[in-house]
Amino acid sequence: MHLKKDKKLTILWLQGLTCNGNTHSFLNLSSLSLLLSKFEILHFPAMQTVYTFESISECKLSCDILIFEGTYDPLMKRNNVFLKDILQHYAKGAKYIIAAGSCASFGGMFKASSPERNSGILFNEKEESGPLTEYKEKIINLSGCPIHPEWMGFTLSMLVNKQKVFLDELHRPLELYSSLAHHGCSRNEYFEWKVDAKGFGLKEGCLFYEQGCRAPMTHSSCNKILWNEVSSKTRIGTPCFGCTEPDFPRSALFTTKTNMSIPQDVPLGVSKRSYLTMAGVAKTFHVKRLEGKLIDYKTTS
Amino acid sequence: MITKQLLEQIEGEASVYFDIQNEKVAFATVSFPHFRGMESILEGKNALDSLVITPRVCGICGHAHLMATVRALENAYKNGGYEINLTQKSQKIREFTLLMEMIQNHFKWLYMVIIPELSKLTTLNLENRPLKGAFAASIAAKAIALFGGQWPHSSYMVPGGVTADPTHIELLQAQNYLQELIMFFEKESLGFSLETFLSFESCKEFGGFDSDIVSLEAALMDAQMHQKGFAYDRFFVMGEHGFSKVAKVKSTRTFGVESKYITTQAAYAPQAQSFAKNALYKNAYYETGPLARLMAKGRPFVKNMHRRYKDSAYSRVMARVYEIASMLSYVQNLLKDIEITQDSVTPLVDIKKISAEGVGVVEAPRGPLVHRVKIEDGIIKKYEIITPTQFNIGSSSLEKPTPVQMAMQGLSKEDALFIFRTFDVCSVCTTH
């Protein structure tokens with residue numbers, strides 16, 4: 001089937017086992033109306049669209065961009081049709097396939113519902129053994145739990161502009177996932193000088209040493225492209241849980257795993273020896289400014 | 001003959017099986033086909049991990065799940081011998097973000113579900129612009145993210161308080177987003193001021209205005225929704241907050257309630273497998289959500305509406321609209337007197353020292369959300385989640401129908417399908 005030049009790309013948003021979090025996160029996109037005007041939306045779960053899910057499940061249509069949200073469960077049925085058949089049908093004809101969120105990318109949260117059979121569409125955690133390996137050239141993974149709306153907005157815009165999206169080995173766009181969640185964190189100075197947060201609910205201190213923060217080991221641009229345009233987990237004192245990585249969700253998420261009081265995982269690409277040397281030196285200095293409260297409302301008048 | 005109808009735009013998928021006789025619904029059952037096993041995912045995990053896992057029950061009301069979890073954990077601390085006293089600051093911030101999530105939910109339901117569905121049943125002109133709902137919701141989400149870091153799926157509430165340590169900058173930004181949202185509601189939805197709407201004593205006062213809400217009200221009348229969709233005329237509110245009154249309401253009389261009387265039963269869905277359970281209070285069905293909350297509070301606008309139209313589909317829809325207004329007004333005051341010098345988190349012992357059971361109940365957009373947890377040495381042994389849609393949209397037998405089954409009886413299939421949505425269904429929460 002040939003597409004006319006002026007025809008808009010069609011999008012079909014299909015769901016597996018999901019909480020709808022990616023759908024709702026996407027709806028927060030500030031340029032949503034503008035973006036949607038560039039496409040023809042065949043089906044989107046939160047709104048009435050051109051086709052009902054009943055028509056979609058008959059597998060007689062086709063789409064240019066298939067967006068899949070949720071964990072893939074080979075035994076799941078949607079409207080009494082096996083999800084695997086619906087997915088295969090639309091994947092075959094699609095020009096691009098986007099996995100929206102960590103469930104669709106790697107299995108994510110709901111892999112745990114049936115760990116022996118559930119997976120992402122291309123990857124099962126890190127292993128390339130999902131149901132769509134045949135179409136891997138056209139798959140883009142936008143991991144995150146949920147997906148960041150701007151990441152989806154960026155990817156769809158690149159596709160509509162016919163620009164190449166460069167991917168990492170886990171099929172995530174490099175421009176979104178080459179940096180770490182740590183980049184741009186407002187607590188970076190505390191990390192540099194090894195000043196721990198003394199607990200939750202504080203502006204001061206780094207969450208890496210005690211509170212389980214995964215930002216230095218997690219590929220994402222959460223602290224560069226802020227959430228809801230205003231903030232991020234680490235900025236408001238919640239540790240990064242590493243939700244864009246294939247091993248999400250890990251366990252004991254609010255605690256840093258240590259061996260003999262040394263963090264088990266050190267920043268990506270840094271050898272443990274270099275890290276310990278650097279940390280040891282930094283710790284010998286005491287930066288008074290970083291040891292107290294940034295603002296002491298009680299003594300400032 | 002039994003006919004099946006697949007339903008969408010209900011936060012997932014459900015099927016309604018209608019028994020149609022003489023073109024009217026004689027009876028209907030509901031099945032929710034998808035199951036994720038959230039409760040068993042939680043078992044064996046560090047108790048604090050539930051703060052990350054339970055928000056992922058639901059993409060639209062995950063914040064309510066977070067708050068139910070943190071309340072359940074704090075209750076377990078208390079039952080384990082360590083009572084936690086939250087500062088006013090952390091309580092107010094929690095309540096602010098919870099209410100902003102409800103407001104975003106109601107806006108989406110109004111513009112993405114109710115107006116498009118109602119326009120199928122009325123000859124009146126209803127402007128169908130679903131993205132207005134998404135836009136309003138995104139402003140509410142920004143205000144949440146100032147304290148919660150992000151929305152959806154924040155985990156910023158922890159036992160003892162909140163992880164955020166805001167300055168007056170964030171408080172001011174939150175007030176600004178709130179004002180923006182109120183202005184949107186006044187200009188784009190109401191056509192008059194929030195204050196005017198809140199001064200209304202009855203829905204007769206809509207006359208003479210022209211706006212989305214005024215058209216909605218007229219269309220509900222046109223579709224005779226004030227004479228359709230009646231359930232048991234009894235309501236149930238369980239979450240304790242500054243904005244709610246915990247009670248059961250029978251007709252107009254209120255009675256005290258205790259969460260221990262909430263039980264669940266397997267759903268009756270003979271046509272298809274359903275993973276839903278029905279929720280009951282003292283073995284009886286109650287309606288939950290905005291109409292229930294406003295009946296318990298006895299707001300004049302809602303009481304007048306109820307006097308005329310009882311628990312009709314009209315009352316259910318208009319109560320939800322009115323709740324947007326009353327919540328927007330309430331949250332304005334909530335932020336005003338936050339004492340910034342108070343602690344965000346009160347000190348507490350490590351969760352590993354806790355072996356106890358805990359219950360957390362909050363008002364979620366659709367009504368009471370109950371989390372029950374059993375912890376041993378800081379590890380979750382058992383977790384139970386009961387969601388408001390389980391109260392409203394259960395599926396039972398003809399002898400003892402659930403509120404939604406009762407509300408659909410005797411109507412045309414088209415009317416029944418609209419009425420199903422007036423309860424604001426959350427499929428993903430129902431089966432979790």
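Trainee: What should I know before reading the numbers?

Mentor: The model is predicted: local features need pLDDT of at least 70, side-chain atom pairs count only at pLDDT 80 or more, and totals for chains, interfaces and linings use all residues. Residues are numbered from 1 along each chain as its sequence is written, and chains are lettered from A and ligands numbered from 1 in the order in which they are written.

Trainee: How many helices and strands does chain A have?

Mentor: Helices (H or I, at least four residues) and strands (E, at least two) are DSSP runs, numbered from the N terminus. Chain A has 10 helices and 9 strands. Its C-alpha atoms fill a box of roughly 70 × 45 × 30 Å along the principal axes.

Trainee: What share of chain A is buried?

Mentor: A residue is buried if 20 or more other C-beta atoms lie within 10 Å of its own, exposed if 12 or fewer, and partly exposed in between; C-beta atoms are placed from the backbone. By that count, 50% of the 301 residues of chain A are buried.

Trainee: Which residues touch the most other members of the largest nonpolar core?

Mentor: Such a core is a set of buried Ala, Val, Leu, Ile, Met, Phe, Trp, Tyr and Cys residues joined through C-beta atoms within 7 Å. This one holds 225 residues, and Leu66(A), Phe68(A) and Ala140(B) touch the most other members. H4(B) gives the most, with 16 residues.

Trainee: Why does the core lie between domain 1 and domain 2 of chain A?

Mentor: Domain bounds come from an automatic or database domain assignment. Domain 1 (9–177) and domain 2 (179–289) of chain A both give residues to the core, so it lies between them.

Trainee: How do I read packed helices?

Mentor: Two packed helices are described by the angle between their axes and the distance between the axes. Axes are lines fitted to C-alpha atoms, for helices over the stretch in contact, and angles run from 0 to 180 degrees between N-to-C directions. In chain B, H3 (residues 62–79) and H4 (residues 88–118) pack at about 145°, with axes 8 Å apart.

Trainee: Which residues meet there?

Mentor: Residues are in contact if their C-beta atoms, placed from the backbone, lie within 7 Å. From H3(B), His63(B), Ala64(B) and Met67(B) meet Arg94(B), Thr97(B), Leu98(B) and Glu101(B) of H4(B).

Note on methods. Contact = placed C-beta atoms within 7 Å.
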